[in-house]
Amino acid sequence: MNNYPETPNSTETQDHQPGVQTAMNPEPEIIKPHYKGSEKLKGKVALITGGDSGIGRSVSVLFAREGADIAICYLDEDQDAKDTKKMVEAEGQRCLLIKCDLQQPEEIQDLVKQTIQEFKTINILVNNAGVQYPQKSITDISPEQLYKTFNTNILSMFHLTQAVLPHMQAGDSIINTTSITSYHGHDELIDYSSTKGAITTFTRSLSTNLLKNKTGIRVNGVAPGPIWTPLIPSSFDEETLKEFGKQTPMGRMGQPSEVAPAYLFLASEEASYISGQVIHVNGGSIVNG
């Protein structure tokens with residue numbers, strides 16, 4: 001059994017300011033110590049965007065421990081991706097790394113093509129990648145930032161889901177990463193929060209559509225609260241980091257290892273009667289709607 005440390009100086013794929021390398025103290029926990037896999041995903045293939053670090057890395061390793069082969073889409077953090085690949089392979093599973101800018105529909109098509117060539121199928125799609133750029137005022141959000149945030153966070157989900165669906169079958173699963181900001185908002189993440197609200201609605205609408213068309217494919221979401229990933233120190237100043245997560249009822253930030261099991265549950269047969277729903281992993285905050 002492997003219990004991995006988070007790679008120091010890593011940043012979350014897609015979910016960061018490109019090029020920023022930020023040391024993390026403490027290092028995020030990738031998988032719970034002593035977690036034993038039970039072949040919940042044996043024989044499955046999962047395509048995970050932003051899978052090289054943070055929540056995506058934790059999901060990749062956990063899925064591998066449960067028997068899935070993994071295709072990881074990442075933007076530009078080659079070393080992080082290679083480290084995650086080693087972790088997946090240490091679980092005895094195959095791992096395909098694919099560099100892809102999710103803002104480019106043609107690269108998304110190639111991403112899916114490479115995955116199918118390698119694994120012949122895609123059973124689980126985890127739409128996890130995203131970007132965020134805090135701004136004090138809406139007037140500080142440039143058109144370039146606005147378009148990039150929407151293109152990466154929500155429009156890419158449309159393009160990727162459209163490309164993957166023809167390769168999926170009854171019993172397969174799509175899981176989208178939304179956020180507590182979809183429900184509570186965030187005064188310095190207006191564009192980001194807006195995309196997360198769109199992801200929540202996209203999840204519900206796509207689920208209804210696929211159920212109506214009797215595809216047998218389930219669509220759900222996970223809405224993390226304050227989770228300690230490379231995204232956080234690359235986005236906020238030291239004063240904000242000192243208080244990160246303390247506003248939750250549990251009074252602390254969460255770890256990627258505490259979020260990934262929600263994705264595992266939704267991907268597994270245990271969730272066979274669940275679609276169009278969002279699991280809230282947020283330290284006890286009450287969320288309605």
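**Close-up views of a predicted model**

**View 1. The chain as a whole.** Among contacts (heavy atoms within 4.5 Å) with a separation of 6 or more in the protein chain, 77% link residues 24 or more positions apart. This is a predicted model in which local features need pLDDT of at least 70 and side-chain atom pairs count only at pLDDT 80 or more, while totals for chains, interfaces and linings use all residues. Numbering starts from 1 along each chain as its sequence is written, and side-chain values use heavy atoms, with hydrogens and water left out. Of the 289 residues in the protein chain, 56% are buried (under 20% relative accessible area, 1.4 Å probe, protein chains only).

**View 2. The open sheet.** Here you can follow seven strands in the order β3-β2-β1-β4-β5-β6-β7, with parallel pairing. Strands are DSSP runs of E, at least two residues, and helices are runs of H or I, at least four residues, numbered from the N terminus; two strands pair if DSSP finds at least two bridges between them. Because β3 (95-99) and β7 (278-281) each have a single partner strand, one side of each has no neighbour in the sheet. On average, neighbouring strands are turned by 15° against each other, direction ignored.

**View 3. Strands β2 and β3.** Strand β2 (residues 69-74) runs parallel to β3, joined to it by five bridges. Look for Cys73, whose bridge partner in β3 is Ile98.

**View 4. Helices on the sheet.** Helix α1 (residues 54-65) packs on the sheet and touches β1 (45-49), β2, β4 (124-127) and β6 (218-224). The direction of α1 makes about 170° with that of β1 (axes are lines fitted to C-alpha atoms, for helices over the stretch in contact, with angles from 0 to 180 degrees between N-to-C directions). Helix α2 (residues 78-90) touches β2 and β3, and its direction makes about 165° with that of β3.

Terms used: Buried < 20%, exposed > 50% of the residue type's maximum accessible area, 1.4 Å probe, protein only.
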